[in-house]
Amino acid sequence: MTTVVDTDWEMVIGLEVHCELSTQTKLFCGCRNAFGDEPNTNVCPVCLGLPGSLPVVNERAVEYAMRIGEALHCTVEPSIFHRKNYFYPDMPKDYQVSQYDMPINARGWLELPDGTRIGITRAHMEEDTGKTSHVGGGGRIHDAGYALVDYNRAGVPLVEIVSDPDIRSAAHAKDYVDELRAILSAIEVSDVKMEEGSLRVDSNVSVRPAGSSEFGTRCEIKNLNSLRSLVHAIEYEARRQIQLLQDGEQVVQETRHWNEEEGRTHSMRSKEEAFDYRYFPEPDLVPVEPSAEWLDRVRASIPVLPAERRAALAAEAGTSSTADVAVVIDRGLDRLVRAAITAGADPERVVTHAVHNLAHETAANLEPEKLASLVKLETDGTLTATQAKKVLAEMLEHGGDPASIAAELGFEAMDQDALMSVVDQLVADNPAEFDRLKSGDQKVMGFFVGQAMKATQGKADGRVVTALLRERASS
Amino acid sequence: MTLAETARAVRAGERSAREIVDEHLALIADRDGALHAFNHVMTDDARAAADEVDRRVAAGDDPGSLAGVGVALKDNMCTRGVPTTCSSRILEHWHPPYDATILSRLAAAGAVMVGKTNLDEFAMGSSTENSAFGPTCNPHDPTRVPGGSSGGSAAAVAAGFVPAAFGSDTGGSIRQPAALCGVVGVKPTYGRVSRYGLVAFASSLDQIGPFAASVEDAALLFEVVAGHDPLDSTSVPEPAPSVVDGLGDGVEGLRVGLTKEFVEGADADVVARVEEAARALEKAGAIVSEASVPAAVYGLSAYYLIAPAEASSNLARYDGVRYGLRVDGDDITDMYTATRAAGFGAEVKRRIMLGTYALSAGYYDAYYGQAQRVRTLIIRDFEAAYADHDLLLGATSPTTAFEIGAKTENPLTMYLSDVFTIPSNLAGHPAISVPYGTGDDGLPVGVQVLAPALAEPLMFRAAAALERSLS
Amino acid sequence: MAEPISREDAAHVARLARLDLTEDELERFTGQLGAVLEHAADIAALDIADVPPTAHPLPLVNVLRDDVPVASLDREEVLAQAPAAEDGRFKVPRILGEAP
């Protein structure tokens, strides 16, 4: 992970995320909303923008948009649609029906795993465009001979989520997208697959002297097809802008295209002037004013979201490791972990198992009580960590209860005296190493522990061995 | 014969639909060469549809309330597999893959589609002279315009080619040609008739409506096509109101407002006809007094900002990519600009320019924004007028039919033709033009009855009374 | 705001609207547009800043449809009308510049 580029400068980032909704049909017509079908097979007069066609809003798309608003703590408001006018071949009507100054959701926020809150300016509805492929010239826009257009995607419902410019590092940008993805997935409104285009990210990047409260000129970066690209592009762009400013030049406000191969952004200044979208209210549609009842129903349908799950888990597990918490949530193991803790297991041990020894698929049938029993066997000294891991593996594969499995495997607590004689033997057999240990070389402890494991076929408790050796070394 | 009588006779097996349609087709073949009411005559389809109606009758089925009635549709309504050109080069060879809702409703009622009629290109105009395929002539005097933009449909009915036709009215494009051609023309309340399949000009103003030789016929046509359509989000969520039954109810006690803004500026002979109409209603028991919709005088300015603005957006899709004319270019932008330059006529280009300007950055508020505020003023003034009156009365067109070429020099002169009709479109209210005598030149004059939103039953009732007063 | 439109403005508008105008047309349209805009000075002069705009003559809200698939068009019928097509897709000349 790369660090902030320069401590004299601060980067300011806002993200625009387009989320394709997983409705059955498109936003304004009954054509299927499906990925990967034969080109132009999911089209009709409406989504092709044929003369005389008219849009009718998909109720489920509105519901999903409201869910997104609620999940992002936005205010859900009466809204209207606007036409955004511009010419491009993937646009059947050469205007996009979107929302402008009266969006359905406004003024929300989301919380990153480390607790940072990022403001959400708005989350509005709009229709997706078709897909253009450039043919000839290596598939790059500027060298292409011609283009082919598929309108299957035209009219698919999108929600565009715009963050406040609150993000201050590429790492946080990635965290933001991860968190947003997790939320959208939890509320079941989208497949959120960046690789399929159901989640698309554009980034606005500007820089300013550290400590300044004024905003610098920003550039919009497009063509970010993965989180990796997002992070690299932001870092590149911030460096590029800083360099310009340091050289006494200005940052030009423009849209730039990220080139993954070259690892740089390119200006996309085309021969057309800056777009004048000539927004005006869509006359073919009427306002959407969700009733209080509908809003209540949507609110009630929101499941527990990642941030809440993290908070609950962290509280119960008593762990401050946000990384561990994130992994547990990510794997969908938090309910299991919390239940095991409730059944009396040591929280730290449970979390450790979840992070290192469990994956969601295998843990599906693991009963929290059994996990709790296993952990108790560890904490009361009956099993070492290594032994517990083996028992757990057995439990996952064949089921069964920890105590019986431990017995079958011949695991039992190793006698303290027996362990002491093993340690004494090792000290006697390895005088040189012991001398090093005595003189403060901590690294050689690993050698002794390893030897103890060998000598006891893994039955030794590494911590006890370490403790005994330390005692020996200091006496 | 009224439409109802025709349909009854066909349903009873007394007349064959095929015979009727063949009569229409013969007349058209004989006389439309000179008139050019039609862009396309659907000869084979019409005969097939008529034969189907006859088959159903023979089988004992009821083909519907318009059984065997020949209908013409303005060529901006989508007819599957049949050219829908909007009288524009850019759609000259386009066949829609779907039918407009109005078509389905008419077909379900047993009507027989005879052909697509000429219009001002994309419905932009008041004379049908802006058609890319040549103007339509007024059947009363072929040196004169039939009005526009639905000139072809008005002429088709006036010439007796078909007893029923449909047009679209955005600023007067049904009513004004109806007046100039001496037929009945109706603009329903905005949202009464589905716009699904009507090629959009100005989405918040467009409405489809009927032309017919009589108020009764127009009323029947209205009943058949009006009513909620789930494919049109701006469609009134009610079924069609009953208007035919109450036509004979008369105007006793109805308060009619002779509206000064819908008379001022009209030629003297037109004004005279309107005043006669007012007196006729009075004689029939209506209470006629003066009315005013003061903000209506701003209607023209507001309309010529709102309509072109919406049109500039609605016509952006004609870009040579998916259908219609394409003029190739080195890159897509060249292709767009060359295609649209070649495909659109001057009036269309003018309005696209005007509309684009009115919406553009820095000008939106002063032009489009201001026009939408004026729209509110007009609605409020209509509301005030309707507090004191049930219906309003005025002229439809300031003049009788003018000569072909007389107003093409200066676009603004042409725009003034719509000064009495535009306010209803801005307010979304219904209005009807009823033939009422002639001007000094012997050409038809139309008188306009206006009603509040959704008040078609009252409007048709008064129109019927006016019509009766002439006989 | 009653100034007639300038030739530069008109040219800019033509570009926005993707209309390739001849010099002659540009000249004529600039004048004609100016005349209409001048006429519109009557409403430009109105002091109605606090009058709410009317975008819709109908007071409808919440017109929604169920999320149920409906048959799409037959691709052959659609592409039959296309000026150019290849591989089941609409073919267009090369596109310089990305979408906004």
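Student: How many residues does chain C bring to its contact with chain A?
Tutor: This is a predicted model: local features need pLDDT of at least 70, side-chain atom pairs count only at pLDDT 80 or more, and totals for chains, interfaces and linings use all residues, while side-chain values use heavy atoms, without hydrogens and water. Residues are numbered from 1 along each chain as its sequence is written; chains are lettered from A and ligands numbered from 1, in the order written. Contact means heavy atoms within 4.5 Å. Chain A gives 64 residues, and chain C gives 36.

Student: What area is buried between chain C and chain A?
Tutor: Buried area is the accessible area (1.4 Å probe) that two parts lose on being put together, summed over both. Carbon and sulfur atoms give 59% of a total of about 4400 Å².

Student: Which residue of chain C meets A:Glu38 in a salt bridge?
Tutor: A salt bridge needs a side-chain nitrogen of Lys or Arg within 4 Å of a carboxyl oxygen of Asp or Glu. The rule finds two across this interface. In one of them, at 3.9 Å from N to O, the partner of A:Glu38 is C:Arg75.

Student: Which element gives the most to the side of chain C that touches chain A?
Tutor: Strands are DSSP runs (E, at least two residues), and helices are H or I runs of at least four, numbered from the N terminus. α1, β1, α4 and β3 of chain C each supply at least two residues. With five residues, the top contributor is β3(C).
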